[in-house]
Amino acid sequence: MPSEDQSQAADRLDDDHYPAFTMGRAAELIGVTPGFLRALGEANLVAPKRSDGGHRRYSRHQLRLAARARELVDQGTPIDAAIRIIALEDQLEEALRHNEELRHGDE
């Protein structure tokens with residue numbers, strides 16, 4: 001039987017918002033520079049958590065947002081416009097998810 005610590009660790013692996021990736025690993029995974037990730041943080045698209053040592057840590061959700069930003073920038077969209085587009089897409093996705101939860105709550 002797994003220990004409580006092992007069970008909590010497994011839960012974190014499934015948590016889309018758990019800050020599991022260092023800046024270097026995050027940049028490598030989505031093919032950007034650490035500077036690009038810092039720029040997204042300064043623009044408030046992503047807000048990485050900080051480790052005890054002060055290092056930025058990114059979640060899978062944040063990496064998806066950053067990858068979408070890269071996609072839009074690569075297509076010629078100015079970064080400030082890309083950030084606004086992504087923020088609106090993220091808000092719409094959340095609203096649709098919430099609406100679906102409410103709809104299923106009535107059944």
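Predicted model: local features only at pLDDT ≥ 70, side-chain atom pairs only at ≥ 80, totals over all residues.
At 44% relative accessibility, E94 counts as partly exposed, a class that sits between buried (under 20% relative accessible area) and exposed (over 50%), using a 1.4 Å probe and protein chains only. Residues are numbered from 1 along each chain as its sequence is written, and side-chain values use heavy atoms, with hydrogens and water left out.

Let's turn to the charged pairs. Side chains of opposite charge can pair when their charged atoms come close. Searching the whole structure gives nine salt bridges, each a side-chain nitrogen of Lys or Arg within 4 Å of a carboxyl oxygen of Asp or Glu. The table shows some of them.

| Pair | Closest N to O |
|---|---|
| R25 and E28 | 2.9 Å |
| E94 and R97 | 2.8 Å |

R25 and E28 are three residues apart in helix α2 (residues 23-30), so about one helical turn separates them; helices here are DSSP runs (H or I, at least four residues), numbered from the N terminus. R25 is partly exposed at 39%, whereas E28 is exposed at 56%.

In helix α5 (residues 79-105), E94 and R97 are also three residues apart, about one turn. R97 is partly exposed at 37%.

Helix α5 also holds E100 and R103, three residues apart. Salt bridges with shared partners link D16, R60 and R64 into one network.

H61 is buried at 16% relative accessible area. Leaving aside residues up to four places away in sequence, H61 touches D16, H17 and D90, where contact means heavy atoms within 4.5 Å.

How values were computed:
Helix = DSSP H or I, 4+ residues; strand = E, 2+ residues; numbered from the N terminus.
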